[in-house]
Structures are given as C-alpha cells and as structure tokens.
Amino acid sequence: MKNLENQNDIFPKGEKASADYFTGTAWVKILVPQDETGSYVIGNVVFEPGCRNNWHKHPAGQILLVTGGKGFYQERGKPARLLVKGDVVIIPSNIEHWHGATQDSSFTHIVITNNTKQGAVEWLEPVTDEEYLNCHTTVSPKQAKIKLTEGAVKNHEELFPGYKSTLKVTDPELIEVFDNFAFDEVISYGNIDTKLRVMMILASTIASQALSEFKVMLAGALNVSVTPIEIKEILYQSIPYVGIAKVFDFIHAANEILQSREIKLPLQSQSTTTRETRHEKGLELQKEIFGDMIDKMYEESPEDQIHIQKYLSANCFGDYYTRKGLDLKTRELLTLSMLIALGGAEPQIKAHIQGNVNVGNNKETLLSVITQLLPYVGYPRTLNAIKCLNEVTTN
Ligand code: MN
C-alpha cells in the first residue's frame, strides 16, 4: 500500500504496523535501528484517528516525544493523559500502559526504547473500545451531556449491555435525537416484543444493504436470545427476496460473529424437502398462505413463463419457506420486513400483507411491524408500506 506523506510530517511514515499489536491503522518508521547503538532503538510512529497500541510494557522503559496531533498515554489503573505536540512522556520499566491517537485526531510521536536481553517490549491484550472511549470521557473537558429518557436507556441496554457508543462521543446531538426516538418513542408503539423486533430489523438491514448496522444488530439479537438457527434462517429466507449478490457479505459477516462466539458451523439441518418433494411441498405451502390466488397465477401464466411459477413453488417456497427454525407467522413477517426495506416492491408487499393476514398476523400487528422498521428504513418506505396496508386490509 502506498503511504501518503503528510507535508507537516517531520519523519517518513514508514510501514503499516502489525494488526497483532495495534487496533486501527498505525505507521512505524525505524529511524535508528537497535544494532546501530546497541542499547536503544528510535522510531517514528503515526497513529490514524481512533488507533492505539495494545497494552504493553518495556523491560527497560521508553520515552515518547510528541511531534503532532492529539493522543493519549495511559498507565494501567490510572486516568489517561491527553498528549499534544511538544509533550514528553517518560515511561518507567515494566509499567503496563498504552499510547495512541484520540478519536478525532491523528497522533505522531517519536519513541526511544531501551533494549534488554528480553527485548524492548512485551505485548499484552488490546485496549478495549470501552477502555479507549472512557479515557475520552475522563479527559475531555467539553463532554456533551446527552439527555436520554429512562425508556431509551433501558431498551438500549437490553440489546447492548454496557456498550459505549463511539457516536455518543463524536455525535452527541444525533444520539440524543435518534436513541430517544428509536429506543423509546417508536418501541413504545404497538405489540411487538424485543426478540421479534430485532429479528425484523435484522431482516430489513439485509434488504437495505446496511452491513455495519446488521453486525451491530446481530450482536444485539444474540443478547436477547435470538438463536443462531433463527439468524441463519433470516439470512437464507432473504436469498429469494433480495438475491444472493446482496446477501453474500452478510452470510460471511454472520459466520464470523457466530464463530467468534464459538458456535460451530454448519448448524443442524432445517430442511424439510428433497429434490423430489420440493415442488409439491412448496406449492402446498404457497396455497396455505395465499389460497386460490396460486392456482390463478399458474392458469394465467403464458406457457413460456410457466417456469417462473414453478421456480416460485419449488425454489422460493419449496427450498426456503418450508424450512424449520422459524414458525410460519414469523417467517411471513420477516419476508414483509425485507420487502418494505427493499423498496420498489409494492406489488409483493401487498401480496405478503394478504399472506400475513391469512396466516394470522392482523392489521394491528402489521402496523406495529411497519412502525418498528421506520428508524431503519426511513419515512418514504414506511409511508409506501402503510399505503399498501390500507389498500389490502380495507378491501
Ligand atoms: Mn510504550
């Protein structure tokens, strides 16, 4: 990778630092190698905003000379010290500590590290997001006060216990508005419980192609006992509605998160059909949800397009809808959530509103679902979905 030089830099940026010892991106340039002096090594380190090194200690200490930006130095158990250009830090031998940039600024320092027979540094565990964000809160004199309602705090805490939002530090006004709205005002509406709400939001993020939000919500989902099987089923169910091109990255992201929680893949099989039975079983389920409309669709299909009707029965319904792991009422709500988030699928939204009503999800429930998705899909898609709801349920 080409490392862009900043004209304000005094020394070259050097090579990208090892991800084993840094969170975020840092660049290290050795200015004086250890074998030149025999006893110490001098280097220049550039941290990009948000980057810090792991907790570590130096058997014979270290000196930091700050040449640019804003950063932190923190010793274990002590408050972080804010560092700016011109600051000098003398780090005693064997004291556990870390250094790095603040969230909103890069940070450059020169390090002079004494070498010993045991080496110059002993690396420890990464600095957690919580430790890192906490030090911003304790040193920043202008930390904004965010006024969150009791409900917003409680509902957020249920999904993300102990989570320290980085946006709370960088965008406090936004978080006050968004969290009070999405985690209190909207959640207070209707009759959807937490688990179902999170599953619907997850489904909508796939259709919206919101990978980062999906990952955050997936962690929240696991915290409110959405099972790995249910997560996989949401992903598989999205394939016939959203298309594999859009679901691919989400499957990989979910696998990473599940495997990081030591969940072994593949999960138990949820399939209920075979190559031989998929068409028959799919068609049966299609008729259970949509009734006589399915026969009509086959009858009205031109001969050269009948294969699409067969695909719908055998593939969309036979391969996916017939799977276990989600009950039909839930699966139908999740499909609707994807269609709403997808946009431009109003005919299908109407069909699945009718499908939902047919399997026992009433108008009140559907209006709750549409409302819960609002903060994640925006007003235009919400209003389009409500228009479809009104058209289908009043006819
Ligand atoms: Mn150090």
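Reader: Is isoleucine 63 buried, partly exposed or exposed, and at what relative accessibility?

Author: Happy to start there, and keep in mind that this is a predicted model. Isoleucine 63 sits in strand β7, which covers residues 62-75. Buried means under 20% relative accessible area and exposed means over 50%. Isoleucine 63 therefore counts as partly exposed, at 32% relative accessibility.

Reader: Which residues form a nonpolar patch on the surface?

Author: Isoleucine 63 comes back here, as a member of that patch. Together the members have about 270 Å² of accessible area. The patch is formed by Ile63, Val88 and Ile90.

Reader: Which residues coordinate the manganese ion?

Author: Let's begin with the spacing of the donor residues in sequence, which reads H-x1-H-x3-Q-x34-H-x1-H. Histidine 56 and histidine 58 are both buried. The coordinating atoms lie at 2.1 to 2.3 Å, and they belong to His56 (NE2), His58 (NE2), Gln62 (OE1), His97 (NE2) and His99 (NE2).

Reader: How far apart do the C-alpha centres of domain 1 and domain 3 lie?

Author: First, find the domains in the chain: domain 1 spans 15-135, domain 2 spans 150-185, and domain 3 is made of 194-270 + 323-392. Between the C-alpha centres of domain 1 and domain 3 the distance is 44 Å.

Reader: How many residues apart in sequence are the parts tied together by phenylalanine 178 and tyrosine 376?

Author: The count for the structure comes to 11 aromatic pairs. Phenylalanine 178 and tyrosine 376 make an edge-to-face pair, 6.3 Å centre to centre with 85° between the planes. Phenylalanine 178 belongs to helix α5 (residues 172-185) and tyrosine 376 to helix α15 (residues 363-377), so the parts tied together are 198 residues apart.

Reader: What is the angle between the planes of phenylalanine 214 and phenylalanine 250?

Author: These two rings form an edge-to-face aromatic pair, 5.1 Å centre to centre, with an angle of 75° between the planes. The pair links distant parts of the chain, with phenylalanine 214 in helix α7 (residues 211-223) and phenylalanine 250 in helix α9 (residues 244-260), 36 residues apart. Both phenylalanine 214 and phenylalanine 250 are buried. Planes over 60 degrees apart count as edge-to-face, and the value you asked for is 75°.

Reader: Which residues form one aromatic cluster?

Author: Look for Phe, Tyr and Trp side chains here. The members of the cluster are Tyr21, Phe22, Phe47, Phe107 and Trp123.

Reader: What is the N to O distance in the salt bridge of glutamate 230 and lysine 195?

Author: A search of the whole structure finds 12 salt bridges. One of them joins the side chains of glutamate 230 and lysine 195, at 3.1 Å from N to O. Glutamate 230 is buried at 13% relative accessible area, lysine 195 counts as partly exposed at 27%, and their N to O distance is 3.1 Å.

Reader: How many residues apart in sequence are the parts that arginine 323 and glutamate 233 tie together?

Author: Arginine 323 and glutamate 233 form a salt bridge, with their closest N and O atoms 2.8 Å apart. Arginine 323 lies in the loop between α12 and α13 (328-342), while glutamate 233 is in helix α8, so the parts tied together are 90 residues apart.

Reader: What is the relative accessible area of arginine 331?

Author: Arginine 331 also meets glutamate 233 in a salt bridge, at 3.0 Å from N to O. This pair links helix α13, where arginine 331 lies, with helix α8, where glutamate 233 lies, 98 residues apart. Glutamate 233 counts as buried at 1% relative accessibility. Arginine 331 is buried, with a relative accessible area of 1%.

Reader: Which residues are linked in a network of salt bridges?

Author: To trace this network, pick out one arginine and its glutamate partners. The linked residues are Arg76, Glu96 and Glu125.

How values were computed:
Residues are numbered from 1 along each chain as its sequence is written. This is a predicted model: local features need pLDDT of at least 70, side-chain atom pairs count only at pLDDT 80 or more; totals for chains, interfaces and linings use all residues. Side-chain values use heavy atoms; hydrogens and water are left out. Patches are made of residues with over 30% relative accessible area and no salt bridge: like charges are joined within 9 Å, nonpolar side chains (Val, Leu, Ile, Met, Phe, Trp, Tyr) within 5 Å. Accessible areas come from the Shrake-Rupley method with a 1.4 Å probe; for residues, only the protein chains shown count as cover. A salt bridge is a side-chain nitrogen of Lys or Arg within 4 Å of a carboxyl oxygen of Asp or Glu. Helices (H or I, at least four residues) and strands (E, at least two) are DSSP runs, numbered from the N terminus. Buried means under 20% relative accessible area, exposed over 50%, partly exposed in between (1.4 Å probe, protein chains only). Donors are N, O and S atoms within 2.8 Å of the metal (3.2 Å for Na, K and Ca); water is not among the atoms, so sites may look incomplete. Domain bounds come from an automatic or database domain assignment. Rings of Phe, Tyr and Trp (its six-membered ring) pair if their centres lie within 6.5 Å; planes under 30 degrees apart count as stacked, over 60 as edge-to-face and the rest as tilted.
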